[in-house]
Amino acid sequence: MEVHRIHLKLYAQPGFVIDTERSVRVFHQWIKDRVLSEQIIDVADYSHVHHGPRVALIGHGADYYLDDSEGRPGLLYFKKRAAPPPHERLADAFRHCFTAARLLERDAGFDAPPTLGTGELRLRFVDRLLAPNTDAGYEPLRELVEHFLAELYRTPVAIVREGTEREPLSLTLDKRELRQT
């Protein structure tokens with residue numbers, strides 16, 4: 001897998017609203033307490049962006065966002081550096097994203113922390129030259145994605161490529177659906 005810039009979004013339960021002020025405080029505390037295993041640099045408030053990232057936890061190798069894109073709040077993980085080796089990148093992205101999700105769900109800094117599901121996710125490969133959002137662009141990644149999801153979930157997962165060629169290669173993953181395209 002040559003692509004290394006990976007987005008992974010977990011959706012929050014219906015009705016969850018991102019509290020920007022509390023989220024900024026929680027993320028600053030994460031930096032202070034070094035709760036993540038990677039180098040984290042700063043926190044940014046993007047609440048002025050409509051249907052976009054609301055709060056960003058900026059790291060050296062990856063960023064974490066409380067995100068409201070698509071009109072659906074959730075946690076967006078963005079792996080922006082090439083490490084680890086290519087065959088481990090997808091597992092690494094999922095591991096970091098799921099770890100941050102569990103930390104958010106348990107953080108006492110929220111009045112009502114989010115519940116982040118793993119049954120429906122959005123996976124994007126943000127290297128449009130290496131992985132265009134076309135059938136041909138997805139084909140070299142298909143076996144890797146399908147194999148990884150089969151091992152992760154141990155149940156059928158629907159994989160639907162979405163969006164236009166102008167967007168990053170975008171897959172909706174849904175273990176609740178049995179159709180696959």
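Two strands count as paired if DSSP finds at least two bridges between them. Keep that in mind while touring this predicted model.

**Stop 1**

Strands of a sheet pair through backbone hydrogen bonds, either parallel or antiparallel.

**Stop 1: strand 3 and strand 4**

Select residues 53–59 and 62–67, which are strand 3 and strand 4. The two pair in the antiparallel sense over 5 bridges, and they form a hairpin with 2 residues between them. Which residue of strand 4 is the bridge partner of Ala56? Show Tyr65, and you have that partner.

Now show the side chains of strand 4. In a regular strand the side chains alternate between the two faces of the sheet. Ala62, Tyr64 and Leu66 are on one side of strand 4, and Asp63, Tyr65 and Asp67 are on the other. Are these residues buried or exposed? They are all buried, so far as "buried" means under 20% relative accessible area. Both faces of the strand are thus covered, and the count is 6 of its 6 residues.

**Stop 2: on to strand 5**

Pick Tyr64 and look across to strand 5, where its bridge partner is Tyr77. This hairpin has 6 residues between the strands, and in it Glu70 takes a positive phi near 65 degrees.

**Stop 3: helix 1**

Select residues 20–33, the 14 residues of helix 1. At 1.5 Å a residue the helix should span 20 Å, and its end C-alpha atoms are 20 Å apart, which agrees. Thr20, Ser23, Val24, Val26, Phe27 and Trp30 are buried in this helix. Turn the view to look down the axis of helix 1: the buried residues fall within an arc of 165 degrees, so they line one face. On the other side of helix 1, Glu21 and Lys32 are exposed.

What do the buried residues of helix 1 pack against? They pack against strand 2 (40–45), strand 3, strand 4 and helix 2 (89–106).

Look at the two ends next. At the N-terminal end, Asp19 caps helix 1, with a side-chain oxygen 3.3 Å from the backbone nitrogen of Glu21. Just after the helix, Arg34 takes a positive phi of about 50 degrees.

**Stop 4: Phe110**

Select Phe110, in the loop between helix 2 and strand 6. Phe110 has 9% relative accessibility and therefore counts as buried. Leaving out residues up to four places away in sequence, Phe110 touches Arg22, Ser23, Val26 and Leu104.

**Stop 5: strand 6 and strand 8**

Finish with residues 116–125 (strand 6) and residues 169–174 (strand 8), which run antiparallel and are joined by 6 bridges. Pick Leu123 and find Leu171 opposite, in strand 8.

How values were computed. Residues numbered from 1 in each chain as written. Predicted model: local features only at pLDDT ≥ 70, side-chain atom pairs only at ≥ 80, totals over all residues. Heavy atoms only, no water. Helix = DSSP H or I, 4+ residues; strand = E, 2+ residues; numbered from the N terminus. Expected span 1.5 Å × (residues − 1). Buried < 20%, exposed > 50% of the residue type's maximum accessible area, 1.4 Å probe, protein only. Arc of directions from axis to C-beta. Contact = heavy atoms within 4.5 Å. Polar contact = N/O pair within 3.5 Å; in protein donor to acceptor, adjacent residues only side chain to side chain.
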